[in-house]
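Dear colleague,

I am passing on the model we spoke about, together with some notes on its aromatic residues and its core. Please read them with the structure open.

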Amino acid sequence: EDGVDNSGVSKDKLYSTPEEVWQVYETLAPISEKFTIAAAFGNVHGVYKAGNVVLRPELLGQFQAHAGRILQRPLPLSFVFHGGSGSEKQKIDEALGHGVVKMNV
C-alpha cells in the first residue's frame, strides 16, 4: 500500500491463506449467499515498482480448491480484486478464471 514499508515482514504474512479465506466464508455465508471476498494475493492499491509483494492469482485457485473440498463443489467462492491498477492482462485473466467477479482499478 501507499507509503507502507513491508520489507521487514515475512512474505508469507503478505498473502491470505486458504484457512483465512475459509474463515471469512464461514462468517459471511450464514448472513447471505451474496458476498465477495477480498483476499490478499499480491494485489495493492496504486501502481508501484516491483517490491516485496508479487501478484499471485494462483493463490485464488488454492483458496477455491480448499473451499471446494469442504463444500463439495467447484469454484464456490467469489472474489473482488482490489488494487488491480497496472496488473498484467495474463494475471487478470488468471484471477478471473479463479473466481474474481469484480475488479477495482
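Buried here means under 20% relative accessible area, with exposed set at over 50% and partly exposed in between (1.4 Å probe, protein chains only). This is a predicted model, in which local features need pLDDT of at least 70 and side-chain atom pairs count only at pLDDT 80 or more, while totals for chains, interfaces and linings use all residues. Residues are numbered from 1 along each chain as its sequence is written, and side-chain values use heavy atoms, with hydrogens and water left out.

There are four aromatic pairs in the structure, where rings of Phe, Tyr and Trp (its six-membered ring) pair if their centres lie within 6.5 Å, and planes under 30 degrees apart count as stacked, over 60 as edge-to-face and the rest as tilted. Because the planes of Phe 41 and Phe 81 stand at 65°, with ring centres 5.0 Å apart, that pair is edge-to-face. Both Phe 41 and Phe 81 are buried. Phe 63 and Phe 79 form a tilted pair, with 6.3 Å between centres and 55° between planes, and these two residues are buried as well. Trp 22, Tyr 25 and Phe 35 make up one aromatic cluster.

Counting heavy atoms within 4.5 Å as contact, and leaving aside residues up to four places away in sequence, Phe 63 touches Ser 16, Thr 17, Pro 18, Val 21, Ala 39, Leu 77 and Phe 79.
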